[in-house]
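Morning, everyone. Please look at the model on the screen while I talk.

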Amino acid sequence: MPNFDFKDQNVLITGGTRGIGASLTRAFLSAGASVIATYRSNHDAAMAFSQSLGEESSRLECVACDVTDVEAVDSLYARLDETELKLDILINNGGIRRDAVAAMMSASDWKDVIDTNLTGAFLMSKQAIKNMMRQRYGRIINISSPMSREAFAGQSNYSASKGGLESMTRSMCKEVGSRKITVNCVSPGFIETELIDDLDEETVKTYKKMVPVRRFGKPEEVADAVLFLGDKSSGYISGSVLEISGGL
């Protein structure tokens, strides 16, 4: 991992206790940051993750927060304001899939994916911007997907959510740039996490053949890209989408 220094910085990561999010949490803790990692409901798994980090867990707070719930998000930020916590970096990583062809997709599966992947990122960013504007500094990094353009069959909800996330990123960056707040996307391709655990062996082989480097990525490779965009040296990069996809 490159030598990044986030000492004395506060990072908020949604979905920060599993998959790519867990890798992001580990990376920022290793770089000296204090991290608030949200999870939706699995308290035991979140606590087990925290305990697995050893001494670095002293700079980690795991918080239950449903990013689709306006009151839950507002309550989280209200608590940050009460403690006068200065938020330096927000990473909108929380996301779900509910695959089905459009004709068979339930309205609830459409809504759940859009609410979590897109609306949740909006709600978290809205409050983060208010915090960051007070200090005239901040980094917002949204975790997107190449599916925003590849748009696989059976993923109209997921593809729409990620396409919307990238468009939102480009719009938001224009609103906050004068306050030294950047807004970017990191777009991971096929990464070895539980999000793709439901793929059968033949599908995995097919997908790997689609990737020019002929393998799936590692969560740590995504973390390196997020650390780069979160660093103070990346202040002239905003409204961009950085793909970590092996050339997909």
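Which residues in H4 meet which residues in H6? In H4, they include Trp-110, Leu-118 and Phe-122. In H6, they include Tyr-158, Leu-165 and Met-172. Contact here means heavy atoms within 4.5 Å. By class, this contact has 14 nonpolar, 6 polar and 2 charged residues.

A word on the source. This is a predicted model, where local features need pLDDT of at least 70 and side-chain atom pairs count only at pLDDT 80 or more, while totals for chains, interfaces and linings use all residues. Residues are numbered from 1 along each chain, and side-chain values use heavy atoms, without hydrogens and water.

Back to the helices. H4 covers residues 107-135, and H6 covers residues 156-176. Helices are DSSP runs of H or I, at least four residues. The pair packs at about 15°, with axes 8 Å apart. H4 and H6 are therefore roughly parallel, a label for angles under 35 degrees.

Next, the cores. A nonpolar core is a set of buried Ala, Val, Leu, Ile, Met, Phe, Trp, Tyr and Cys residues, joined through side-chain atoms within 4.5 Å. Buried means under 20% relative accessible area (1.4 Å probe, protein chains only). The largest core has 32 residues, and Phe-28, Ile-91 and Val-226 have the most contacts inside it. Another core, of 27 residues, lies apart from it; Leu-118 and Leu-165 are among its members.

Last stop: Gln-127, in helix H4. Gln-127 is buried, at 15% relative accessible area. Leaving out residues up to four places away in sequence, Gln-127 touches Val-73, Asp-74 and Tyr-77.

Note on methods:
Axes fitted to C-alpha atoms, helices over the stretch in contact; angles between N-to-C directions. Helix = DSSP H or I, 4+ residues; strand = E, 2+ residues; numbered from the N terminus. Parallel < 35°, antiparallel > 145°, perpendicular 65-115°, else oblique. Nonpolar A, V, L, I, M, F, W, Y, C, P; charged D, E, K, R; others polar. Buried < 20%, exposed > 50% of the residue type's maximum accessible area, 1.4 Å probe, protein only.
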